[in-house]
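The exercises below concern aromatic rings and pockets. Each task sentence is followed by a solution in steps.

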Amino acid sequence: MQRSIIAVLGGTFTRRFSTGLTGGLLVFYLADLPAHGGPQVSATVVGILTALYYLAELLLSPAFGVLSDRWGAQRVMQHGPLFGIVAVIVTAFTTDLLVLGSTRWLEGMAAAASIPSILGYIALVTSDDEGLRGRTVARFEAATLAGIGVGVVAAGPLYELIGRGAFLLNAIVYAGSLLIYRYGVAELRHIFLEGLNSPFGMVLVGNDFYVANTDAVVRFPYQTGQTSISAKGEKLVDLPAGPRNHHWTKALTANRDGTKLYATVGSNSNVAEHGMDEEAGRAAIWEIDRKSGGHRIFATGLRNPNGM
C-alpha cells in the first residue's frame, strides 16, 4: 500500500497543480479576451467565474463522497482529471462567458470528485495505523497547497510563452493525474466478514446484517460505512444441512417492512433417491421472524428455489 499512498499524493500534487494553473491562466486570458474576439470582462464577472468553481466543489463533494463509498474510491477519483481535461480544452477554444462559466463549474466538479475519494482512500489504507494516517493526511495537505502554489506561479510565464495554448498543456497534466490514479493506485479489497460456513445469501435490514450460511441464518451488527465486521454473529435459526447437503446454497431476502426473512432451502437429492426423511424442510422457502427466529414453510415443491 505504500506505493499507492505515494501515487495518491503525487496525483494530488499534479491535479492541484492543474487547478492553480487554470486559475492563474484564466486571469490573464479574461483580461486578454477582447483580443480574441470576446467581450470586455469586469471584475464582478471574474469574481463570479471564480465563485462557480468553489460552489461546484462545495455542493457536489458530498455526492461524490457517497459514490466513492459505493463504487470504490480508486474508481471515483479518476473522474476528477477527466472533468478537468474537458474543462481546460473547452476553455482554450471559447470566448463565451457562459461557456467559460460552465468550464469553471466542471473544473469544480473535478475537485469534488477527487478530494473526497482520495481522503476516503487514505482513511481505508491507513485504518490500522493512526500514525501513518496522520502523516499521510498532512502530506496530502502539503501536496495540495504546493500543487496550487506552483500552478499559480507557472501560469504567468506559460501564458506569456504560449498564450491560451497553456490550457491545452494543462490538459496533458490532467491526463498525467488520471494515469497516476488509474495505474499507480491499487483498488482496495477487504475481507468484510470471515469465519462463515459456506455463506451464500445475505441481506441488510436496518443495522442488522444477515448471512445465510449453509446450515443457519446468522445476524451481525452493522453500521453504515463499515468496511469489515469483527463482532461475533448471533444464530437466528438453523437450516437443513448435514453430511449430505445436495443443494447447499441458501438465498436470503427480507419483506418490505423488514419483519420477516425468507430463506431458500433446496432439495437434498434429484428424485428423493435417499428417502423422504432426507427432504424434511427442503425444496422450500422458509419464512423466518427476524426477531425471534420462529419460522414456517412459506412455499414448497420448489426443488432448488435460489433467486427471489
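Two rings of Phe, Tyr or Trp (its six-membered ring) form a pair if their centres lie within 6.5 Å; planes under 30 degrees apart count as stacked, over 60 as edge-to-face and the rest as tilted. The model is predicted, so local features need pLDDT of at least 70 and side-chain atom pairs count only at pLDDT 80 or more, while totals for chains, interfaces and linings use all residues. Residues are numbered from 1 along each chain as its sequence is written, and side-chain values use heavy atoms, with hydrogens and water left out.

**Exercise 1.** Determine which residues form one aromatic cluster.

Solution. The cluster consists of Phe192, Phe209 and Tyr222. In total, the structure holds eight aromatic pairs.

**Exercise 2.** Classify the pair of Tyr29 and Phe167, and locate both residues.

Solution. Step one: the ring centres are 5.5 Å apart and the planes stand at 70°, so the pair is edge-to-face. Step two: helices are DSSP runs (H or I, at least four residues), numbered from the N terminus. Tyr29 belongs to helix H1 (residues 2–31) and Phe167 to helix H7 (residues 165–184), so that the pair links distant parts of the chain, 138 residues apart. Step three: both Tyr29 and Phe167 are buried (under 20% relative accessible area, with a 1.4 Å probe and protein chains only).

**Exercise 3.** Describe the largest pocket by volume and lining.

Solution. Step one: on a 1 Å grid over the protein atoms alone, a pocket is an open set of points where a 1.4 Å probe fits, with protein on both sides within 12 Å along at least five of seven lines; lining residues have an atom within 4 Å of a point. A volume is the space filled by probe spheres set on the points. Step two: the largest pocket contains about 600 Å³ of space. Step three: its lining has 21 residues, and Ser68, Asp69, Arg70, Leu124 and Thr227 lie nearest the centre. Step four: helix H2 (43–71), helix H3 (73–77) and helix H5 (97–125) each give two or more residues to this lining, with the largest share, five residues, coming from H2.

**Exercise 4.** Describe the second largest pocket likewise.

Solution. Step one: the volume of the second largest pocket is about 240 Å³. Step two: 15 residues line the second largest pocket, and Thr19, Gly23, Thr50, Tyr54 and Arg104 are the closest to its centre. Step three: H1 supplies the largest share of this lining, seven residues.

Terms used: Buried < 20%, exposed > 50% of the residue type's maximum accessible area, 1.4 Å probe, protein only.
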